[in-house]
Amino acid sequence: QLTRKNYLVKNLKRFRKQLEREAGKLEATKCDFFPKTFEMPLEYHLFVEEFRKNPGTTWIMKPVGRSQGKGIFLFRKLKDIIEWRKEKLWTFHLLFIYSPKRGKCVWFLLQDGLRTDDQKDETQVEIYVAQRYIENPYLIGGRKFDLRVYVLVTSYIPLKAWLYRDGFARFSNTRFTLNSIDDHYVHLTNVAVQKTAPDYDPEKGCKWMIQQLRQYLTAKHGADVVEVLFADMDNIFIKSLQSVQKVIISDKHCFELYGYDILIDQDLKPWLIEVNASPSLAASSQEDYELKCHLLKDTLHIVDMEGRLTGKEKRVGGFDLIWSDGPVSREGNLDTPPSESFVANSHLGCYNDRKKQLKQLFRSLCA
């Protein structure tokens with residue numbers, strides 16, 4: 001419900017409407033952090049209607065069930081999508097069939113085309129999303145980048161979410177331009193794509209730690225502007241989790257570590273690109289290796305199979321508690337009601353003295 005691109009957008013749209021009904025339009029605008037998106041082929045005609053309203057706009061097509069940039073392409077002309085539609089054999093039937101294996105009736109979206117009758121009964125259409133491409137990404141050194149940020153959820157009811165202080169920016173290896181929309185090295189920042197570039201240097205890699213990025217942005221735009229940017233990112237994490245809170249089964253014995261992909265545009269507005277379950281823990285550098293080892297250790301500290309924590313902690317290693325059935329303040333403890341000077345307990349991209357903090361935490365618990 002959160003990590004498949006089509007379900008994520010469906011839940012966010014539903015949650016936005018709910019907020020508008022219950023809290024008004026101003027509160028609902030806090031969900032405007034994902035580009036206009038259509039599920040294909042089900043919303044093909046709605047997409048065509050929107051496409052014709054904004055001729056010349058760049059769109060990006062993504063398969064909902066693949067990763068590492070596979071199957072993604074950009075387009076500007078409707079004929080490109082029509083040709084792709086024919087190639088994918090998008091003549092389809094919607095059938096409601098009883099499934100003995102599942103013991104219930106299920107909808108099947110079946111392709112038609114140049115296949116045998118047996119294949120027609122078994123094959124399902126691969127679902128894509130068509131998403132308005134962000135044409136004005138924030139560039140550093142002329143290159144596009146996105147952020148990978150880690151959020152740990154230990155409970156959905158009540159919602160309890162932790163934000164990791166470390167993360168990284170993934171850069172494209174080639175300077176950004178909209179003149180060559182077919183070049184994946186320009187537009188896709190996935191490491192799996194970039195490391196295949198002919199001029200890729202494995203020693204330098206294509207990542208910055210998020211602390212470096214925060215320092216760069218602060219030096220260029222000032223601390224206040226950067227605080228607003230990172231607060232807007234916190235809003236993305238919370239609103240996206242709230243949008244699926246009622247549809248994800250909450251089990252007190254389970255937890256999930258999510259990898260959020262965030263893109264920043266030239267106006268310093270963050271956009272949610274996607275959310276990954278079981279994010280990649282492969283390391284492309286020594287810094288990357290250390291980050292991911294610490295991330296895993298701190299995740300297990302919070303899961304706390306040894307029963308060492310009290311449940312009232314607001315920080316464990318590199319993780320800060322940002323939501324515990326409500327916003328968490330930097331000041332006071334979890335039971336302290338929010339004050340007028342409320343500041344969220346979020347330190348993304350700040351210095352992470354995790355070893356020192358863990359020693360103090362566990363020493364006090366032992367005492």
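View 1. Gln215, Ala219 and Lys220 are exposed on one side of helix H8; the structure shown is a predicted model. The buried residues of H8 are Ile210, Gln211, Leu213, Arg214 and Leu217. Seen down the helix axis, these buried residues fall within an arc of 160 degrees, so they line one face of H8.

**View 2. The length of helix H8 and the residue that follows.** Helix H8 has 12 residues, numbered 210–221. At 1.5 Å a residue, H8 should span 16 Å, and its end C-alpha atoms are 16 Å apart, so the two values agree. Just after H8 comes glycine 222, which takes a positive phi of about 95 degrees.

**View 3. What the buried residues of H8 pack against.** Among the buried residues of H8 are Leu213 and Leu217.

**View 4. Helix H8 against helix H9.** Two packed helices are described by the angle between their axes and the distance between the axes. H8 and H9 pack at an angle of about 130 degrees, and their axes are 7 Å apart. This angle makes H8 oblique to H9. From H8, the residues Arg214, Leu217, Thr218 and His221 take part in the contact. They meet Ala223, Val225, Val226, Glu227, Leu229 and Phe230 of H9.

**View 5. An open sheet of four strands.** The strands are arranged in the order E1-E6-E2-E3, and their pairing is antiparallel. Strand E1 (37–40) and strand E3 (73–75) stand at the edges with a single partner strand each, so one side of each has no neighbour in the sheet. From one strand to the next, the twist averages 25 degrees.

**View 6. The pairing of strands E2 and E3.** Strands of a sheet pair through backbone hydrogen bonds, either parallel or antiparallel. Strand E2 (residues 59–63) pairs with E3 in the antiparallel sense, over three bridges. Isoleucine 60 has leucine 74 in E3 as its bridge partner.

**View 7. Two helices packed on the sheet.** Helix H1 (residues 5–23) packs on the sheet and touches E1, E2 and strand E6 (128–132). The direction of H1 makes about 130 degrees with that of E1. Helix H3 (residues 44–53) also packs on the sheet, where H3 touches E1, E2, E3 and E6. The direction of H3 makes about 145 degrees with that of E1.

Notes:
Residues are numbered from 1 along each chain as its sequence is written. This is a predicted model: local features need pLDDT of at least 70, side-chain atom pairs count only at pLDDT 80 or more; totals for chains, interfaces and linings use all residues. Side-chain values use heavy atoms; hydrogens and water are left out. The expected span of a helix is 1.5 Å times one less than its number of residues. Buried means under 20% relative accessible area, exposed over 50%, partly exposed in between (1.4 Å probe, protein chains only). The arc is that of the directions from the helix axis to the C-beta atoms. Two strands pair if DSSP finds at least two bridges between them. Axes are lines fitted to C-alpha atoms, for helices over the stretch in contact, and angles run from 0 to 180 degrees between N-to-C directions. Contact means heavy atoms within 4.5 Å. Angles under 35 degrees count as roughly parallel, over 145 as roughly antiparallel, 65 to 115 as roughly perpendicular and the rest as oblique.
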